[in-house]
Amino acid sequence: MRLGTLDTVRYRRWLVPALAGAIVAACLVPVGYVLWSAASVGPSEAYDFLVRPRIGELLWNTGRLVVAGVLLSVVFGVCGAWVVERTSLPLAGWWHGALCAPLAIPAFVNGYAWVATTHAVQSYPGTVLVVSLSYYPLVYLPTVAALRRLDPSLEEVAAALGRGPREIFWRVVLPTLAPAVLGGALLVGLHLLAEYGALQLLNYPTLTTAILQQYGTAFNGPAATLLASVLLLACLGLLALEMLARGPAHRARVGSGTARPAPRTRLGRWTAPVVVALGFFVALTVGLPAASLVRWLVRGASAELDLARMLPAVGTSIALAAVAGLVATAAALPVVWEAVRHRTSWSLGVERAAYATSALPGVVVALALVTVAIGWLPGVYQTLPLLVAAYVILFLPRALVAVRGVLELVPPRLEEVALSLGQSRAGAMRRVTLPLLLPGLATATALVALAVSTELTATLLLAPIGTTTLATEFWSEASAVAYGAAAPYALALVLLAVPATVLLGRSSRGVER
């Protein structure tokens, strides 16, 4: 009996790491496809292709877009979170909702709205502004959540030691916020590496747009996968930087800190300028896209509401977003559990590897899955499960960041206490850990669902014949410069994303003192 018990313990000990490894191995199929396809090109031919001036230009465009877009998103996200959570801003709850609202507007819809308003944004500064306005909520939301969890006694101790407000922010608050900010910045960087729709509309060439052009016009698969391999290297660089900046520190604590809100900085005579600045910012992020959509709905010569065409697309988009969100969150849990609770080189390596595919454009992931399906699993080709698998591979990092953010704050001692009181391992997980993880799991599901509802390139390639989504219907009209006809689908995409955005906004402020 004792030997059987030991065998069971060993089995369970290896079950979660094996499951995490299997999940990440499946997610790395597109990476293997890229490496295999790139290896089919001779070394001299690959070298001649990669050292061309055009490749250098694309690499420069991609690099400076990622650097500037991430920095500007961090500035927008951290400053917005600080003003809402730590100052005497009037109607702070309303402003929080307004700053979360851009999550409901897909990046390519935002790009469409700006281009339909002015072509001045079709430049490097304009592109950086548009993508930053689209993606800064990925930094803002975790920063708000971290500020709500921050124990104000840490700042009070620093103040008692003679530190001024500015020094307290840089030396106490900001280091505590670093994991949340870095996780959001990593997501922004990975999204910018793989962004296609918005950049195509903004006429800004990057490695990703070039990959789609290679597949779509030149039909040059090896050349496209060579470019994809460059994106993989860029992704590895981002992951290494984020891991280096995050460091090995553990941040879980057993106590909840002082049971009172942190003191807010009085704005005083700065209240009016801050409110005006926030109003102008919200007008750029939400007001201009909304006004552009309404204008094209009302005035667009091609605007026609075809419910027979729209309703199936709405239903398919909702179903795919819900299923993929739940599957991706379930897949993220064992991966994050191993990385946070058993910080071994294996678990950390597995978690980092899960991010690699997210830097690949959707078309590369789709082609990899098509190759695997045709060669080994013909029964799943042109099916919805294969499309859901592509979504999970593409957007698993969103779930990983959300789940990790909450699991790092759940101390293992709580489970140990439950075990000492006679609870089984499964019982401790169900009655202690899972309730504490639920906000993070809901956030992860909503984040993935938002991304799935607006995914374009993989959907175009993998969706079964006759299956349409709001994103594919919008793109078919917008790419033909039929802005009026595209407007109803853009509006439907925004409305579809509102519930998930509201959930994310509430969960980020859900830690009450």
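M310 is found in helix 15; helices (H or I, at least four residues) and strands (E, at least two) are DSSP runs, numbered from the N terminus. The model is predicted, so local features need pLDDT of at least 70, side-chain atom pairs count only at pLDDT 80 or more, and totals for chains, interfaces and linings use all residues. Residues are numbered from 1 along each chain as its sequence is written, and side-chain values use heavy atoms, with hydrogens and water left out.

M310 is buried, at a relative accessible area of 10%. Buried means under 20% relative accessible area, exposed means over 50%, and partly exposed lies in between (1.4 Å probe, protein chains only). M310 and L470 are 160 residues apart in sequence. In space, their C-alpha atoms are 7.4 Å apart.

The protein chain has 23 helices and 0 strands. It holds 513 residues, and buried residues make up 53% of them. Contact means heavy atoms within 4.5 Å. Among contacts between residues at least 6 apart in sequence, 84% join residues at least 24 apart.

Two helix pairs were examined for packing. Axes are lines fitted to C-alpha atoms, for helices over the stretch in contact, and angles run from 0 to 180 degrees between N-to-C directions. Helix 15 spans residues 307-341 and helix 16 spans residues 345-354. They pack at an angle of about 140 degrees, and their axes are 8 Å apart. That angle makes helix 15 oblique to helix 16. Angles under 35 degrees count as roughly parallel, over 145 as roughly antiparallel, 65 to 115 as roughly perpendicular and the rest as oblique. The crossing of helix 15 and helix 16 is left-handed. A crossing is left-handed if the near helix is turned anticlockwise from the far one by less than a right angle, and right-handed if clockwise. Helix 15 contributes V335, E338 and A339 to the contact, and helix 16 contributes S347, L348, V350 and E351. These residues divide into 4 nonpolar, 1 polar and 2 charged. Ala, Val, Leu, Ile, Met, Phe, Trp, Tyr, Cys and Pro count as nonpolar, Asp, Glu, Lys and Arg as charged, and the others, Gly among them, as polar.

Helix 17 (residues 362-376) and helix 18 (residues 384-407) form the other pair, with an angle of about 135 degrees and axes 10 Å apart. Helix 17 and helix 18 are therefore oblique to each other. Their crossing is right-handed. On helix 17, the contact uses G362, V365, L369 and A373. On helix 18, it uses L386, A389, A390, I393 and L394. The contact comprises 8 nonpolar residues, 1 polar and no charged. Q382 is found in the loop between helix 17 and helix 18. Q382 has a positive phi of about 60 degrees, although it is not a glycine. At 24% relative accessibility, Q382 counts as partly exposed.

A positive phi also occurs at L91, a residue other than glycine, with a value near 55 degrees. L91 sits in the loop between helix 4 (53-86) and helix 5 (92-100). L91 is exposed, with a relative accessible area of 65%.

The expected span of a helix is 1.5 Å times one less than its number of residues. Helix 7 (residues 124-135) has 12 residues and should span 16 Å; its end C-alpha atoms are 16 Å apart, which agrees. Helix 7 is mostly covered, with 9 of its 12 residues buried. Among them are G126, T127, V128 and V130. Helix 8 (residues 137-149) has 13 residues and reaches 18 Å from its first C-alpha to its last, close to the 18 Å expected. The buried residues of helix 8 include P137, Y140, T143 and R148.

Two further buried positions have listed contacts. N110 lies in helix 6 (residues 107-117). At 2% relative accessibility, N110 counts as buried. Not counting residues up to four places away in sequence, N110 touches I105, V130, L133, S134 and P289. V130, L133 and S134 are among the buried residues of helix 7. T443 lies in helix 20 (residues 425-454). T443 is buried, with a relative accessible area of 17%.
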